[in-house]
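Visitor: I am new to this structure and would like to look closely at a single part of it. Could you take me through that part slowly, and then say how the rest is arranged around it?

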Amino acid sequence: MIELVDVKKDYGKGDYCTHALQGITLKIEKGEYVAIVGTSGSGKSTLLHIMGGMDQLTSGVYRYNDEVVSDYSLAKLQDFRKRNISFVFQNFALMNKYTVYENVEMPLLARKEKGRKKIVMDCLERVGIENLKNKLPTQLSGGQQQRCAIARALAADTPIILADEPTGALDNKTSTEIMSCFSEIHKAGHTVIIITHDMSVASKCQRIVRIEDGKII
Ligand SMILES: Nc1ncnc2c1ncn2[C@@H]1O[C@H](COP(=O)(O)OP(=O)(O)OP(=O)(O)O)[C@@H](O)[C@H]1O
């Protein structure tokens with residue numbers, strides 16, 4: 001599904017150049033549940049940005065099914081992203097002036113999807129917060145907010161869910177609950193990729209890819 005071949009990413013030029021990714025070769029198959037781990041500055045977020053179509057590579061090839069994503073312009077990358085990837089972030093990235101229900105409905109509204117109510121309620125039930133649908137994100141705990149963000153990713157119904165330190169702002173017990181949530185989503189057929197520096201989080205995934213100094217070790 002995802003195939004990276006000798007992917008390099010530099011930031012800046014000359015004396016100010018950082019070689020953030022230094023030849024990453026990686027395959028992730030459809031339906032896998034993968035953790036990408038590494039210390040701070042190892043290149044995890046850069047890799048997430050590349051795989052998520054948020055940034056272009058400096059060299060190498062990124063294939064996604066039949067598409068050569070590394071050839072895409074920024075505009076085409078945006079379209080690729082919308083079709084294929086949902087993001088879950090450490091800080092939840094919810095719209096605080098909208099209710100839980102409305103946050104989850106957003107990707108469906110953007111697609112002018114019919115039958116939205118049933119889809120939203122189904123996504124909320126899958127993450128166990130259907131009773132909180134009329135609350136604002138600011139009225140929820142961190143774990144509940146992250147469940148809402150995961151429900152929104154489910155509503156977007158993309159093949160891939162990319163989560164960047166999804167438990168970074170949560171205590172241990174809540175982290176375990178959120179990882180169970182991802183596990184259920186994976187069992188339902190999604191490809192789930194978790195970026196984390198926390199081995200106890202990574203150990204819940206099927207496969208761990210370790211990155212150091214921009215290389216897979
Ligand atoms: N926009 C940027 N401009 C310049 N250098 C950058 C930029 N983004 C990242 N870097 C550098 O690239 C390297 C990899 O950074 P990256 O953010 O991918 O690491 P990370 O593993 O996600 O770190 P953390 O866990 O602290 O978020 C670091 O040396 C960082 O300073």
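**A sheet edge and its surroundings**

Guide: Strand 9, residues 207-212, is joined to strand 10 by two bridges, and these strands run antiparallel. The model is a predicted one, in which local features need pLDDT of at least 70 and side-chain atom pairs count only at pLDDT 80 or more, while totals for chains, interfaces and linings use all residues. Residues are numbered from 1 along each chain as its sequence is written. Strands here are DSSP runs of E with at least two residues, helices are runs of H or I with at least four, and both are numbered from the N terminus; two strands pair if DSSP finds at least two bridges between them.

Within this pair, I211 stands opposite I216 of strand 10. The two strands belong to an open sheet of six, in the order 6-7-8-3-9-10, with mixed pairing. Its edges are strand 6 (85-89) and strand 10 (215-216), each of which pairs on one side only. In general, strands of a sheet pair through backbone hydrogen bonds, either parallel or antiparallel.

Across this sheet lies helix 6 (residues 172-187), which covers strand 3 (33-37), strand 7 (160-164) and strand 8 (191-196), and it runs at about 150 degrees to strand 8. Contact means that C-beta atoms, placed from the backbone, lie within 7 Å, and the angle, on a scale from 0 to 180 degrees between N-to-C directions, is taken from axes fitted to C-alpha atoms, for helices over the stretch in contact.

Elsewhere, strand 1 (residues 2-11) pairs with strand 2 (residues 18-28) in the antiparallel sense over eight bridges, with K27 of strand 2 as the bridge partner of E3. Six residues lie between the strands of this hairpin, where G12 takes a positive phi near 75 degrees. Strand 1 is also joined by five bridges to strand 4 (residues 59-64), again antiparallel, and there S59 is the bridge partner of K8.

Technical notes: Two residues are in contact if their C-beta atoms, placed from the backbone, lie within 7 Å.
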